[in-house]
Amino acid sequence: MKVEKNKVVSIHYTLKDDNGNVIDTSEGRDPLAYLHGNHNIILGLEEKLEGKKVGDKLHVDVSPEKGYGIVDEALKMVLKKEQFENSDKLQVGMQFQAQIGNNIAIYTITNIKDNDVFVDGNHPLAGMNLHFDVEIMDIRDATAEELEHGHAHMEGHSH
Ligand code: ZN
């Protein structure tokens, strides 16, 4: 069986940045299972896994355009503390989902200065080259339910 659209593919992966720092890894956890061809993982990785088989190991370099996108300066904003309900509890690194202008995004507080709260709605990995080491652990047919939902379900899990 090969990796192709609507197969559930399980991979072990390690993701590094340009400097070789590990950003994320499945090491020590169950492999990541995803429904291939449904944009459940980033495009640049999904493209390179197409046609591969169990046991294949590959190194994949992904540009920001096919990763988490380029940095959108319009998603960086300065808000006022009184615009937040919990203004006394704000901390750098806190995340919240909001629509600001036309942009619905998950914003991260990047700085707080006096009454100004600096927020950034870009994905934390936006603008970065991504370097994946991937091993394909399993490939199976998706269930009807998974195809209907457009994503993989963990073994025995349904919802
Ligand atoms: Zn589901």
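**Close-up views of a predicted model**

**View 1. Asp 120 lies in strand β8, which spans residues 116–120.** The model shown here and in the other views is predicted. Asp 120 is buried but forms no salt bridge. Lys 76 is the nearest side chain of opposite charge, at 4.5 Å, whereas a salt bridge requires a side-chain nitrogen of Lys or Arg within 4 Å of a carboxyl oxygen of Asp or Glu. The side chain of Asp 120 does make a polar contact with the side chain of Asn 122, at 2.8 Å. Leaving aside residues up to four places away in sequence, Asp 120 touches Leu 75, Lys 76, Ile 106, Tyr 107, Thr 108 and Thr 110.

**View 2. The largest nonpolar core has 19 residues.** Leu 45, Leu 49, Phe 132 and Val 134 touch the most other members. At least two residues of this core come from each of β1 (7–16), α1 (43–49), β4 (57–62) and β9 (130–141). The most are given by β9, with five residues. A second, separate core holds twelve residues, among them Leu 79, Ala 98, Ile 100 and Ala 105.

**View 3. Surroundings of Val 134.** Beyond four places in sequence, Val 134 is in contact with Ile 11, His 12, Tyr 13, Leu 45, Leu 49, Asp 56, Lys 57 and Leu 58.

**View 4. Leu 35 belongs to strand β3, residues 32–35.** Leu 35 is buried, because its relative accessible area is 0%. The C-alpha atoms of Leu 35 and Lys 7 are 5.9 Å apart, although 28 residues separate the two along the chain. Not counting residues up to four places away in sequence, the residues touched by Leu 35 include Lys 7, Val 8, Glu 46, Ala 142, Leu 147 and Ala 152.

Technical notes:
Residues numbered from 1 in each chain as written. Predicted model: local features only at pLDDT ≥ 70, side-chain atom pairs only at ≥ 80, totals over all residues. Heavy atoms only, no water. Helix = DSSP H or I, 4+ residues; strand = E, 2+ residues; numbered from the N terminus. Buried < 20%, exposed > 50% of the residue type's maximum accessible area, 1.4 Å probe, protein only. Lys, Arg positive; Asp, Glu negative; His and termini not counted. Polar contact = N/O pair within 3.5 Å; in protein donor to acceptor, adjacent residues only side chain to side chain. Contact = heavy atoms within 4.5 Å. Core = buried A, V, L, I, M, F, W, Y, C linked by side-chain atoms within 4.5 Å.
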